[in-house]
Structure formats: C-alpha cells, structure tokens
Amino acid sequence: MPMSEKAVHTHATVEIEHLTLTLGGRTLLDNMNLVTRAMGTTMVMGPNGAGKSLLLRCMHGLLKPNQGQIKLLGQPAHALQADQAMVFQKAVLLRRTARANLLFAAKAQAVSPSEIDHILERVHLIDKADQPARLLSGGEQQRLALARALLTRPRILFLDEPTASLDPASVLIIEQLIQEANASGVKTLFISHDIGQAKRLASDVMFVHRGQIAEHTDAETFFTNPQSKEAKAYLNGELVL
C-alpha cells in the first residue's frame with residue numbers, strides 16, 4: 001500500500017547501498033540495501049543483537065563501515081554531519097544544570113534565552129532548569145537530551161531506544177516532540193521494540209534481522225501484512241533468533 005503524498009519526499013530521504021560492517025572478524029552488518037522516500041519517522045525494528053544500533057551509528061558517522069554508501073536527503077551522510085543529532089538509550093549529559101546543557105548546545109545556533117525557556121516548558125522541565133542534569137530522573141534526563149538535540153535544529157534525528165523503560169508521562173512528551181519535529185520537516189530514524197509506539201509514530205518500518213534488512217515497507221502494510229517470516233513472528237510475540 002503506497003504511503004500518502006504528505007509522507008513522501010520527492011527524492012530519497014535515506015539510501016543505503018551494500019553497507020557492510022565487520023568487527024573482530026565478525027560480519028555484523030551484511031550487505032544492507034535500502035531506499036526510502038518517506039518523511040516522518042522510519043522505525044527500525046528487530047530482535048536484540050540484529051544490528052539496529054550499529055546501523056544507526058554507521059549512519060551518524062560514529063562507526064565506519066567496511067564498505068558501502070549512505071546518503072541522507074540525497075547527500076553523502078558525512079556531508080550532513082552538522083545537520084544531524086542523535087539521542088541514545090541512556091542520556092549523555094554534561095555535569096551542569098539542565099539549562100546549561102541546553103545553552104551549551106545552543107552555542108552554534110542563534111538561540112535566544114526565551115527559546116531555551118520555551119523548550120524547557122515543552123519537556124516539562126522549566127521548574128528544574130537550575131538543577132544538576134545528572135540528578136534528574138531517567139525520564140527527565142531523556143526529555144532533556146531530546147530537547148538538547150532539537151535545539152541544534154537537525155534535519156536528521158537518530159533515536160536509539162530513547163523511551164526504553166521510561167515512565168508513561170515521559171514517553172508521551174517525547175513522542176509528541178518527535179511528531180512536532182516530523183511536522184516541521186525533520187526526518188527521524190527511531191529504534192524501538194515497542195510495537196504500540198511504532199504504530200503511533202511510524203511512516204515506514206525497516207525490520208533488521210541478523211545484520212540484514214529483512215523487510216522494509218510502509219507502516220500500515222508492515223503491521224497488517226508483513227512479508228517476511230521473521231517480521232511475522234516478531235509481531236506475533238514469538239522469539240526471533
């Protein structure tokens with residue numbers, strides 16, 4: 001089933017060609033290929049150890065693949081390094097206050113103090129702006145990490161299980177921010193094991209299994225009629241090895 005015109009870019013938003021990553025003599029990403037024109041959020045799903053996080057790290061430039069090419073928004077990924085941001089499963093924050101973390105990220109952008117306060121309000125942290133960031137709860141830290149990423153005004157946003165084990169309120173706030181970012185034109189690649197979350201956010205789904213892209217299709221098709229036996233088993237709650 002084709003995606004709606006609003007969800008599709010005129011050019012490919014993500015292109016992966018023959019991407020291979022070998023570490024310690026083991027091939028962890030094996031000749032991956034994908035082209036999508038979907039805007040919004042591409043959910044990256046699959047069992048633990050499938051290679052999802054490694055794939056995002058290659059796309060973000062944190063790992064160098066042995067071979068292959070990655071293009072984002074029609075350009076080589078490395079050429080868009082300044083237009084990317086990434087949020088990890090565990091928030092990486094500076095040893096300063098919540099506000100100071102945002103001010104640090106805002107240095108490279110023309111961000112006013114009122115904008116800092118506005119995003120702190122959006123992540124429900126304005127009352128904790130002057131508290132040490134590392135003393136915030138897990139959900140608060142992750143909300144701050146996403147706010148900091150968005151302050152850099154990325155065109156591409158990578159999210160590696162940013163809501164895993166978080167409280168429902170934090171999950172809701174984070175999902176709302178992602179939807180707002182998508183509506184403003186930010187392309188998101190989001191790793192999640194939460195099928196309900198994927199249904200709420202995904203424009204398309206990339207299913208990774210044993211270092212390969214086993215399936216890639218629009219979200220509605222993936223959740224109603226998955227094509228690969230691995231994806232079918234995964235959606236049925238079966239163990240996929």
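**Helix packing and positive-phi residues**

Histidine 124 is exposed, with a relative accessible area of 51%; exposed means over 50%, buried under 20% and partly exposed in between, for a 1.4 Å probe and protein chains only. The model is predicted, so local features need pLDDT of at least 70 and side-chain atom pairs count only at pLDDT 80 or more, while totals for chains, interfaces and linings use all residues. Residues are numbered from 1 along each chain as its sequence is written, and side-chain values use heavy atoms, without hydrogens and water.

Histidine 124 sits in the loop between H3 and H4. Helices (H or I, at least four residues) and strands (E, at least two) are DSSP runs numbered from the N terminus. Although histidine 124 is not a glycine, its phi is positive, about 60°. Most residues other than glycine have a negative phi. Glutamate 161, also not a glycine, has a positive phi of about 50°. Glutamate 161 belongs to the loop between strand S7 (156-160) and helix H5 (168-183), and is buried, with a relative accessible area of 17%.

Two packed helices are described by the angle between their axes and the distance between the axes. Here the axes are lines fitted to C-alpha atoms, for helices over the stretch in contact, and angles run from 0 to 180 degrees between N-to-C directions. The axes of H3 and H4 cross at roughly 140° and come within 10 Å. H3 and H4 are therefore oblique to each other; angles under 35 degrees count as roughly parallel, over 145 as roughly antiparallel, 65 to 115 as roughly perpendicular and the rest as oblique. Ile116, Ile119 and Leu120 of H3 make the contact with Leu144, Ala147, Leu150 and Leu151 of H4, where contact means heavy atoms within 4.5 Å. This contact of H3 with H4 has seven nonpolar residues, no polar and no charged ones. Ala, Val, Leu, Ile, Met, Phe, Trp, Tyr, Cys and Pro count as nonpolar, Asp, Glu, Lys and Arg as charged, and the others, Gly among them, as polar.

Helix H2 (residues 98-106) packs against helix H3 (residues 113-122) at an angle of about 125°, with the axes 10 Å apart. That makes H2 oblique to H3. Arg99, Leu102, Leu103 and Ala106 in H2 meet Ile116, Asp117, Ile119 and Leu120 in H3. Of the residues in this contact, six are nonpolar, none polar and two charged.

H2 also packs on H4, at an angle of about 25° with the axes 8 Å apart. That makes H2 roughly parallel to H4. On the H2 side the contact is made by Ala98, Asn101, Leu102 and Ala105, and on the H4 side by Leu144, Ala147, Arg148 and Leu151. Its residues divide into six nonpolar, one polar and one charged.

In H4 itself, 13 of the 14 residues are buried, so the helix is largely enclosed by the rest of the structure.

Leucine 94 lies in the loop between strand S6 (84-87) and H2. Leucine 94 is partly exposed, with a relative accessible area of 25%. Not counting residues up to four places away in sequence, leucine 94 touches Asn101, Phe104, Ala133, Arg134 and Arg148.
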